[in-house]
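Reader: I am new to this model and would like to learn how to read it. Please take me through its features one at a time.

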Amino acid sequence: WRGQYDGVRTEWYMPGVGLVKVQYHHKNGKRTDAQLIHYSLVKDTTEYLPLTLGNEWQYEWTDQNGRKLFQETCTVVSNDENTFYLASSAYAFRLTE
């Protein structure tokens, strides 16, 4: 079980957008990718982490064979000085062979 989480995580960011891709190379030899498929920003910025209330990003997670695993939506919902809170909701897909 631990092999699913241990490994190398690589992230790509775009100024004004934020996180656009994550790739996990798990210790068990598997790979999982998360790709940004939609985003909505309250205001334009040049920051790599545009943490403005209401900003939203939607990612699609796939396995190493390109099969969709789930979609996840992350939204900046509140902040307290320099601490920001993101809400995440995932939509699962049913996979059959």
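**Reading the model, feature by feature**

Author: We can begin with a pair of charged residues: the side chains of Asp 33 and Arg 31 form a salt bridge, with 2.9 Å from N to O. Keep in mind that this is a predicted model.

Reader: What is the general idea behind such a pair?

Author: Side chains that carry opposite charges can pair when their charged atoms come close. In this case Asp 33 is buried, because its relative accessible area is 11%, under the 20% limit for that class. Arg 31 is partly exposed, with a relative accessible area of 27%.

Reader: How many salt bridges does a search of the whole structure find?

Author: The search finds 4 salt bridges. Among them is the one between Lys 68 and Glu 60, at 3.6 Å from N to O. Lys 68 is partly exposed at 41% relative accessible area, while Glu 60, at 17% relative accessibility, counts as buried.

Reader: With which residue does Arg 9 form a salt bridge?

Author: Arg 9 pairs with Glu 11, and their closest N and O atoms are 2.6 Å apart. Both partners are partly exposed: Arg 9 has a relative accessible area of 45%, and Glu 11 has one of 32%. Arg 9 sits in strand E1, which covers residues 7–14.

Reader: You mention a strand. How many helices and how many strands are there in the chain?

Author: The chain has 0 helices and 6 strands. Read from the N terminus on, its elements run β-β-β-β-β-β.

Reader: How far apart are the C-alpha atoms of residues that are separated along the chain, such as Arg 9 and His 26?

Author: Arg 9 and His 26 are 17 residues apart along the chain, and their C-alpha atoms are separated by 8.2 Å. Another pair is His 38 and Gln 58: they are 20 residues apart along the chain, with 5.1 Å between their C-alpha atoms. His 38 belongs to strand E3 and is partly exposed, with a relative accessible area of 43%. A further pair is Ser 89 and Glu 72, 17 residues apart along the chain, whose C-alpha atoms are separated by 5.6 Å. Ser 89 lies in strand E6, residues 83–92, and counts as partly exposed at 30% relative accessibility.

Reader: What share of the residues of the chain count as buried?

Author: Of the 97 residues of the chain, 29% count as buried.

Reader: How do I read empty space in a model?

Author: Rolling a probe the size of a water molecule over the atoms shows where empty space is left. Here the largest pocket has a volume of about 290 Å³.

Reader: Which residues lie nearest the centre of the largest pocket?

Author: The lining has 16 residues, and Leu 19, Trp 57, Tyr 59, Cys 74 and Leu 86 lie nearest the centre. By class, the lining of this pocket holds 13 nonpolar, 1 polar and 2 charged residues.

Reader: Which strands each supply at least two residues of that lining?

Author: Those strands are E2 (18–26), E4 (56–63) and E5 (68–80). The largest share of the lining, 4 residues, comes from E2.

Reader: Where is Glu 81 placed, and is it buried or exposed?

Author: Glu 81 is in the loop between E5 and E6. Glu 81 counts as exposed because its relative accessibility is 71%, and the class begins over 50%.

Key: Residues numbered from 1 in each chain as written. Predicted model: local features only at pLDDT ≥ 70, side-chain atom pairs only at ≥ 80, totals over all residues. Heavy atoms only, no water. 1 Å grid on protein atoms, 1.4 Å probe; cavity = no way out; pocket = protein on both sides within 12 Å on 5 of 7 lines; lining within 4 Å. Points joined across faces, edges and corners; volume = space filled by probe spheres on them. Nonpolar A, V, L, I, M, F, W, Y, C, P; charged D, E, K, R; others polar. Buried < 20%, exposed > 50% of the residue type's maximum accessible area, 1.4 Å probe, protein only.
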